Amino acid sequence: MSYQTDISGVKFSNCIFNASGPLCESLKELEIIGKSKSAAITTKSCTLEERGGNPRPRYKDIQFGSINSMGLPNLGYKKYLDFVPRLKEFDKPVVISVSGLSLEDNLAMIESFNNSDADLIELNLSCPNIVGKPQIGYDFEQMDEVLSKVMAICKKPLGVKLPPYFDFVHFEQVANILNKHKVKFVSCINSVGNTLFIDPDNEEVVIKPKGGFGGLGGKYVKPIALANVRKFYELLDKDINIIGVGGISSGKDVFEFILAGASAVQLATIFMQEKESCFDRIEKEFNEYMSSKGYSSINEVKGKLKEFNKMDKIRIDPHVHFRDADQNYKETIAHGFSVANEAGVSYVFDMPNLLKPILREEDVITRLKLVPEDKKCNYFLYIGATSDEDQLKEAIRLVRDRREVIGMKMYAGRSTGNLAIINEEEQRKVYRILSENGYKGVIVVHCEKESYMKNIFDPQNPHTHALSRPKIAEIESLKDQIKFAKEYNFKGTLHVAHISCAESIEMVNENKKEMNITCGITPHHVIWSDEKLKGPHGNLYKMNPPLRDEEEVKKLQELLKQGKVDWIETDHAPHTVGEKLHSGFPSGYPTLHIYKEFIEKFLPSLGISEEQIDKLTFDNIINAFGLRL
Ligand code: DHB
């Protein structure tokens with residue numbers, strides 16, 4: 001599929017073609033463009049007479065783009081006039097760029113092209129590379145005069161190649177002139193004129209003309225070009241089309257220009273660097289990106305750039321189980337992010353209790369490779385804590401040195417995976433080693449004491465799950481953790497994950513004076529009771545710790561309202577429905593799916609203010625983890 005476009009009534013089979021400038025001077029070069037996927041053929045800016053241009057070297061590829069001072073080398077307009085019939089054989093629009101050294105020259109050339117089969121004329125008012133000839137685009141009076149004369153005689157759709165502008169007043173003044181003369185299109189931007197690139201090793205400039213000053217192109221200029229496209233889209237009459245040019249090197253770049261308001265784009269530096277294959281590559285990338293977003297035409301996107309929505313809150317879910325790897329049939333990290341983003345969550349902290357748990361640096365590296373490129377900054381993970389001293393020391397180092405390793409996780413009781421430290425002496429040892437090694441980060445603890453759990457779960461009667469993990473298991477485990485932390489004067493933060501009993505919450509709060517201790521609660525423990533386990537498909541609601549009775553849930557809601565819980569964490573833990581209901585009966589619920597409604601409707605219905613919700617979903621979390629976002 002190709003995304004067609006239209007410039008002043010001229011049809012383009014796709015929206016990407018060459019800019020006047022590189023590789024479009026000779027007939028041979030223009031024929032190459034004709035044969036390529038470029039949607040049109042644009043000629044090098046012509047003058048009345050042939051020009052050899054400035055002395056070489058006059059073009060240089062530099063770190064993020066290019067610098068040039070070509071000096072308008074071209075064959076003289078008559079040659080391009082002669083080329084038009086041949087170029088039209090390629091069955092695509094021919095755009096003639098005209099850059100006369102005087103108004104008279106421009107008028108003479110345009111008169112001639114009026115009688116050709118050229119489709120569009122692009123009047124170049126922005127060449128920065130001719131000594132003694134300032135850019136007309138920066139002289140508004142002259143621009144006004146030139147356009148009044150030129151528009152009076154031009155019979156073809158005529159557009160203007162503009163230099164970049166940087167001031168809102170200038171944008172308005174230029175737009176008024178362009179609207180007044182009813183130009184048909186604008187191409188913006190030309191290279192950023194008279195910039196200087198220096199080679200420090202050789203202590204010299206990199207091009208010969210004009211003491212090294214030249215027009216800057218490539219990635220450096222994309223944000224400038226986007227700003228110019230956007231501003232002119234806002235200010236120009238709607239029937240004036242905009243062609244975006246400046247630093248485009250990928251399909252996504254093209255998309256950005258269309259969003260900003262362009263009807264088509266031109267390629268310059270990337271064409272010089274990659275040659276004509278860039279048209280094919282970039283068009284394919286653009287087509288794929290457009291169809292992946294479900295767009296079937298340029299018009300659905302053109303100019304539709306959104307304002308920054310200040311109402312969008314940044315929310316963090318500091319407790320998810322994104323599966324991936326050998327459990328990607330349950331969920332991938334990419335999918336987890338799409339669910340999180342729909343729920344309004346931008347950042348997640350992922351748990352380490354995978355089939356192959358995250359315990360060592362190599363596990364962290366392997367895991368991070370699964371994170372989509374555009375989510376790398378939004379993904380954090382915990383390192384599992386074992387009672388092995390070496391492993392703990394490595395974990396301490398990773399939390400300290402690796403930005404993505406957000407903290408440690410200890411399972412003080414069996415849950416999903418194989419990471420539990422059920423022996424109290426071994427749990428004590430963890431606190432000792434962390435304290436001896438100066439660990440000041442967060443250790444998230446799953447508190448359920450093994451000796452209080454009962455092996456009575458019967459899948460035919462899901463409520464037995466709640467009975468198998470009674471409140472006392474959480475409360476007693478929490479007592480142990482507090483005792484051990486105090487015993488070794490633990491200076492980090494003990495975080496009690498997915499707290500499920502009012503008594504545990506009170507205990508956390510009572511201890512806040514003496515130690516760094518926090519607790520988090522899941523949406524499911526606050527909205528649902530163990531009645532869910534008694535209903536149809538009760539096993540769907542099996543999680544650790546289990547849902548509590550209705551009376552307890554009411555108390556949890558009240559304590560949450562009183563500000564006694566530090567944050568909301570989902571414990572999002574997807575399984576397949578088949579597993580949940582028919583085989584294995586694993587614990588875990590995909591809670592991110594109910595997060596949005598919980599935050600936006602349920603918490604306000606409890607009387608929790610917006611300010612408090614922000615603390616529960618962001619401020620308290622970044623403060624505890626010392627995170628700067
Ligand atoms: C040249 C450079 C430009 O930026 C332009 O618009 C026209 C000509 C040149 O140096 O050849």
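**Note on the ligand site and the cysteines**

1. Start with asparagine 190. An N or O atom in its side chain lies 2.5 Å from an oxygen atom of the ligand. Taken alone, the ligand exposes 290 Å², and the protein buries 93% of that. Keep in mind that this is a predicted model.

2. A polar side-chain atom of asparagine 124 is 2.7 Å from an oxygen atom of the ligand.

3. Next, the surroundings. The ligand sits in the largest pocket. Its shell includes Lys44, Asn68, Met70, Leu72 and Pro73. Cys127, Pro128, Asn129 and Ser191 are also among the residues around the ligand. By class, the shell divides into five nonpolar residues, six polar and one charged.

4. How many disulfides does a search of the whole structure find? The search returns zero. Cysteine 15 is in no disulfide, and the nearest cysteine sulfur, that of cysteine 278, is 13 Å away. Cysteine 15 is also buried, with a relative accessible area of 1%.

5. A disulfide here requires sulfur atoms within 2.5 Å. Cysteine 46 is buried as well, at a relative accessible area of 0%.

Key:
Residues are numbered from 1 along each chain as its sequence is written. This is a predicted model: local features need pLDDT of at least 70, side-chain atom pairs count only at pLDDT 80 or more; totals for chains, interfaces and linings use all residues. Side-chain values use heavy atoms; hydrogens and water are left out. A residue is near a molecule or strand if one of its heavy atoms lies within 4 Å of it. A polar contact is a pair of N or O atoms within 3.5 Å; within protein, one must be able to donate a hydrogen and the other to accept it, and residues adjacent in sequence count only if both atoms are side-chain atoms. Accessible areas come from the Shrake-Rupley method with a 1.4 Å probe; for residues, only the protein chains shown count as cover. On a 1 Å grid over the protein atoms alone, a cavity is a set of points where a 1.4 Å probe fits but cannot get out, and a pocket is an open set with protein on both sides within 12 Å along at least five of seven lines; lining residues have an atom within 4 Å of a point. A molecule sits in a cavity or pocket if more than half of its atoms lie within 2 Å of its grid points. Ala, Val, Leu, Ile, Met, Phe, Trp, Tyr, Cys and Pro count as nonpolar, Asp, Glu, Lys and Arg as charged, and the others, Gly among them, as polar. Buried means under 20% relative accessible area, exposed over 50%, partly exposed in between (1.4 Å probe, protein chains only).
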